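Me: I have a model open and want to go through it piece by piece. Can you take my questions as they come?

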Amino acid sequence: MEPSIFRFILKYSWRQQLLILALTILSFPPLYYSLELPKLIINKALGDPDGPWILFGWDVERTRYLFALCGLFLLLVLIGGLLKYVLNVYAGIVAERMLRRLRYQLYEHVLRFPLSHFRKVSQGELVQMINAETEALGGFVGDAIAVPAFQGGTLLTILVFVFVQDPILGLAAIVLYPVQIYLIPKLQRQVNELAKQRVRQVRRNAERIGETCSTIREIHAHGTARYELARFSEQLGTIFWIRFAIYKKKFMIKFLNNFIAQLGPFLFFSIGGYLVIRGDITLGSLVAVVAAHKDLSAPWRELLTYYQTLYDVRVKYEQTVSQFLPPNLQPVERVVGEAERIPSFSGAVLKVTDLGLKDDSGEHALEGIDLEIALPAHVALVGPAGSGREELTLVLAGLVTPSGGKVTIDGVVLHDLPEPSLARKLAYVSNQPTLLTGTLADNLLYGLKQRPVAPPPGAEASRARRLRERREALASGNSADEADAEWVDWEAVGLRSPQERLSAMIRVLRAVALAEDVYAFGLRGVLPPGREELASLLLEARRAMRERLASDERLARLVEPFDPDRYNTNATVAENLLFGRPLGNVFDLEHLPSHPHVRSVLAELGLVDDLMRVGYRLAETMVELFSDLPRDHEYYRRFAFIAPEDLPEFKRILGRASIDRLQRLKPNERERLLELPFKLVVARHRLGLVDETLQARILRARRRFRQTLPPGLVGAVAFFDPERYNPAASVQENVLFGKIAYGQPQAHQKVAAVLAEVLEERGLVDVVIEIGLHAECGVGGSRLSLPQRQKLAIARELFRRPEILVLHEATAVLDAAERETVRTAILRAMRGRSVIWSLEDPSAAHLFDRVVVLERGRVVAQGTFGEVAKRASAATALEAAG
Amino acid sequence: MTLRRDVEALRAIPLFAKVEPARLKLLAFTSEHVDFEPGEVICRQGEPGDAAYILLEGTADVLVETPEGRVKVASLGKNDIVGEIAILCGVPRTATVVATSRVHTLKIDKDGFLNLVTQFPHVAVEVMQELAARLHHTTQRLTEISLQIDTKKTTRE
């Protein structure tokens, strides 16, 4: 990266800066003439009644002359304005490109940081620097050359004019400039120092917020919110006092500037006046000089501001860039390059020679490690925690560069291989795997995305747009790779047809005991786009399910089916009315009656007032039941129709009107009452508020709603239809086609078992798993449990079919039974290829061809399990004897 | 079956007799109705208990599994409560309860019951009194039985 902002600007935008400069100069003449013309209009057209009125050599009539001049004025203003517009847009583009380039470079540097550097920088700080602090730099780029050129030029012109009038007065006009030039930077430097502190403090704030998000459970579990608030308040306080000091200094500068500017007229009037009285200069030139001085102050002030910004920006740039240049920054080629020769891994020898690694404090985490492993081999690393097992796996996975010695495979130094090349051969699983925000499938396939392998779908149609994007990316020195291209390199793992790919994914999920979880996600999921043909299969399952339920009276009681002609007592009033699922966000089940169409149907059937009365009764019950409970009571979440903060409002509404005087309420209050009953489930809430008559009327509303649905809203609801798949409802809901009944013991478990049987019989379990693969994992995999995350991480690496799989305590979070299954599955999947596994539990070491025992960063024993065990028992025996 | 009738049923149970109606209404509202067919198991000995059941209708047998087989120790009817011991002291179910006719129950989950006990001291006192009474009853029976055993021993000697 360029060490200073000017080098950065010149290196990447000198041509654009020249163009900006040219445009600036071009905008001068129209500006000058648009100032000149009014004078001409006043003096000649209006002030001189005798003429002659000469326009471009033509003698014209007076009114014509006036209108021609006015027209000319308008034209000049227009040209000047347009030039300014072009200039501004262009400067904006240049600034934005430079900003994009800078952010890209910073982000690229983050990707090149050595892993150990992430222990020193916080995520919040990096976010703050890349996003917020660069913003000011971008804005400056557009002004960097144009402003000093333009304002400096103006200043110089006026100064020349003043000096031509009278050298002494000219001197008087600038006599105070040296004072300003001396004084202002001094003060400015203090302001900048404070500004720097403020930047650091804001970064610290960002860090704190980031930390709060990542430790939110700890905060709640320890009840330390008050402490955290105090800490945050203290930081905000620090910023406040810095700002306060900045204000004092900044406005002092302003005051001095203004004062010195006003000293000018003082000098003109005293010295100039004296000279006029003595007759050395004329009054006219004094007036002209005073006027010129007034014009001087604007560009002078601009130049001073520019200077201040310049100083600020320069510091900011250097401060930011220095944060992104840690020692041992990886070369770009290592991160994004490709190797010319990838060593063959099978049949090669993995050789570790005199390997050493120092930690942050300079202590040896690994020391003098020598290993020679003929690949393929399954190697166990054992040793107590802190023996260097983890560090050794990190080095062997190529993630951490050793501080001494080297690792070679087939004679090639492992740490010289570019990461994308290495990643196709070698995979790593740690005990703290991180997932990406995205679907399970996105995560599972993440390891196959080293380079784009095919253009995005529909690439031809969007050719023009893609070319433009590409040109623009290159203009800012960004990556021209398309993020929406096909990145998954299926060829690399030898999977061609979609069916092959899917069954390989499911196989690996089964191997790591994750298939059942994904099946559960699938039941809750909707059909992924592009897989609509699965609907007919699931519809068959619905039929089979219906038969199964009908065959056994005990089962039939567990599900209340969706029937277009019957009210479903296990569904909410809203669900009964809509009898479908909203598509998009036109209809919201939470606020159904506020939609105009719903409202008109309710009004037509006279349901508005009746439902509002139900709402009133419901509110009464809620207020009665819940008003004594503390606000944070979990019952609110689980049972209440009204949020605790809304309870007082409902109390007020109940107090304002009795049940037969609801028209006295304000419209928004009526609205709130009307919304309440839509959440009622007859079978669950047992309030007796929605009786059979009302149910029948809601059924009529259901039919009416559908009949009168305006054409524009037809796509907004996916209605339940016994013969059709509902794309907006979950797989489970589609197959069950009903609601699991309240009041049946273990209904959920029993229904799930029958459902699984039906799907199994029809071979649809894989289909459900496929749908489950489209489930979102949440930010960093937060929607998955820890074991689920760990299993997915293992599946992700197994799926890549690496030549060497390096693991560190990768099954430690699983429970004992699953740990066994998954471990066996990994070793079986890697048969004929290599595994290097740092084990938390040495008892599994007998499963490996070779065992390496580490202690305090050194290898203390190695060999087959038998050899090592014999030596270990001998050592124990010796120790016991000694 | 509406909430009001549930509340009446709850009031008929000695344990809740003195609890004010509003509390009972909340308890009823947060509870679930569960129906069992004759022969269906309401709770099974040894399994962890997560709820207590109040029999609103129907009858059930309380069975204890012993090495000699199942022994019926009690039968339950309308307004009886079962399963509260397991949720109060966190032990597994102490007996198996099987419906002998169609049973209509109100299922009070652990949280609901404990909430009632912890947040409304008078309910806790009620529960304590009820349990103390039962303990007293059990102790009395134990005394009677040990006396009987002693008497038998003495006679045998």
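Me: Where is A:Pro376 placed?
Reply: A:Pro376 is in the loop between strand S4 (364–374) and strand S5 (378–382) of chain A. Strands here are DSSP runs of E with at least two residues, and helices are runs of H or I with at least four, numbered from the N terminus. This is a predicted model, in which local features need pLDDT of at least 70, side-chain atom pairs count only at pLDDT 80 or more, and totals for chains, interfaces and linings use all residues. Residues are numbered from 1 along each chain as its sequence is written, with chains lettered from A and ligands numbered from 1 in the order in which they are written.

Me: And what joins A:Leu375 and A:Pro376?
Reply: A cis peptide bond, with omega about -5 degrees. Most peptide bonds are trans, and most residues other than glycine have a negative phi.

Me: Which loop has A:Asp410, and what is its phi?
Reply: A:Asp410 is in the loop between strand S6 (404–409) and strand S7 (412–413) of chain A. Its phi is near 55 degrees, a positive value in a residue other than glycine.

Me: Switching to helices. How do H16(A) and H31(A) cross?
Reply: The axes of H16 (residues 498–511) and H31 (residues 786–799) of chain A come within 9 Å and cross at roughly 135 degrees. Axes are lines fitted to C-alpha atoms, for helices over the stretch in contact, and angles run from 0 to 180 degrees between N-to-C directions. The two helices are therefore oblique to each other; under 35 degrees counts as roughly parallel, over 145 as roughly antiparallel, 65 to 115 as roughly perpendicular and the rest as oblique.

Me: Which residues make the contact?
Reply: A:Val508, A:Leu509 and A:Ala511 from H16(A), with A:Ala795, A:Leu798 and A:Phe799 from H31(A). Contact means C-beta atoms, placed from the backbone, within 7 Å.

Me: What classes are they?
Reply: 6 nonpolar, no polar and no charged. Ala, Val, Leu, Ile, Met, Phe, Trp, Tyr, Cys and Pro count as nonpolar, Asp, Glu, Lys and Arg as charged, and the others, Gly among them, as polar.

Me: Now chain B. How many residues are in contact across the two chains?
Reply: 11 residues of chain A are in contact with 15 residues of chain B. On chain A, helix H22 (607–626) and helix H23 (634–639) each supply at least two of the residues on that side. The chain A side divides into 6 nonpolar, 3 polar and 2 charged.
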